[in-house]
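Please have the sequence and the structure to hand while reading.

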Amino acid sequence: MLDDPETRDHPALADVVERMRVVALPLHTRFRGQTVRELALIEGPEGWTEFSPFPEYDDAESAAWLRAALEFGWRPAPPVLRTSIPVNATLPAVPAADVERVLAHYDGCRTVKVKVAERGQTLDDDAARIGRVRELVGPEGRIRLDANGGWNLDEAEHAVHRLAEFDLEYLEQPCASVEELAELRRRIGYLGIPVAADESVRKADDPLAVARAGAADLLVVKAQPLGGLRRALAVVAEAGLPAVISSALESSVGIAMGAHLAAALPELPYDCGLATVDLFETDVVAPAGSLRARGGSIPVERAVPDADLLERLRAAPAREQWWRDRVTRVHALL
């Protein structure tokens with residue numbers, strides 16, 4: 001039901017590789033264990049698009065990311081219902097002393113997604129980080145937590161009770177499995193803290209299973225991992241749950257894809273996680289056109305890389321070849 005027959009026709013591999021540029025973007029703060037983000041940018045007939053599955057993702061998982069990239073570069077985007085998207089700041093699992101420095105990169109964002117359950121850290125570390133965020137955003141700011149499935153069921157329940165004092169907007173992927181999410185949601189329902197599903201949607205063979213199981217109050221949806229704008233819109237429609245559109249640590253080119261997805265949704269009740277360009281030291285797009293947060297929102301427009309920046313940020317020749325080889329293998333799976 002979720003398959004879109006139109007997405008089965010893809011441009012020839014030679015056309016894709018010829019139009020591709022590989023860049024390496026340095027981050028100002030370590031995120032997902034990375035200090036540099038590599039990604040492939042492709043100039044399609046409809047504009048620039050991005051293919052950026054993380055290096056550890058296998059070819060089968062990466063195929064959805066390439067479908068999304070080719071759809072956005074070779075097909076017109078769905079009609080949009082809004083021209084700007086409110087966005088949240090994303091705070092990596094930094095020490096409390098670094099919170100203010102990181103949040104200073106986000107202009108006007110009043111919602112902060114805080115990474116928690118980081119390997120090697122404790123719940124005390126999480127509480128200190130969140131407490132500092134609450135001090136900075138004040139009582140009217142919104143705080144959401146993202147555990148990336150890092151807690152088991154009992155750990156998540158304990159953590160929620162410990163951290164509820166910070167007035168949480170919702171808890172994203174506290175546990176790894178759909179079954180755990182459903183049971184946690186049952187246990188903490190009286191607290192009024194919604195549970196959001198991310199990995200249980202974008203990394204699942206059946207992205208609707210979490211909705212059918214009653215395991216989430218809302219979905220975190222990312223365009224590339226789900227295979228493109230049309231399939232992501234179909235997932236949201238069939239799930240029947242509110243959606244937060246988020247990024248996969250993309251450049252402005254990839255963020256533009258997410259912005260178009262958010263703009264096409266009938267309703268957008270939450271700030272979106274599309275301000276992650278602010279985690280980079282620089283972008284592939286000149287500052288005037290970069291999709292960084294401004295006044296707490298980003299525009300809905302396609303991003304055009306700057307030729308000088310593309311050259312300056314160009315990946316090493318061996319890494320360029322690695323990405324070409326990857327695209328070649330993944331394209332054969334489409």
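In which sense do strand S9 and strand S10 pair, and over how many bridges? Strand S9 (residues 195-197) and strand S10 (residues 218-221) pair in the parallel sense over two bridges, where pairing requires that DSSP finds at least two bridges between two strands. This is a predicted model, in which local features need pLDDT of at least 70 and side-chain atom pairs count only at pLDDT 80 or more, whereas totals for chains, interfaces and linings use all residues. Residues are numbered from 1 along each chain as its sequence is written, and side-chain values use heavy atoms, with hydrogens and water left out.

**The sheet**

- Seven strands, in the order S5-S6-S7-S8-S9-S10-S11, form an open sheet with parallel pairing; strands are DSSP runs of E with at least two residues, and helices are runs of H or I with at least four, numbered from the N terminus.
- Strand S5 (89-91) and strand S11 (243-245) stand at the edges with a single partner strand each, so one side of each is left without a neighbour in the sheet.

- The axes of helix H10 (residues 229-239) and helix H11 (residues 252-264) come within 10 Å and cross at roughly 40°, with axes fitted as lines to C-alpha atoms over the stretch in contact and angles running from 0 to 180 degrees between N-to-C directions.
- The contact (heavy atoms within 4.5 Å) is made by Leu229, Ala232 and Leu233 of H10 together with Met257, His260, Leu261 and Ala264 of H11.
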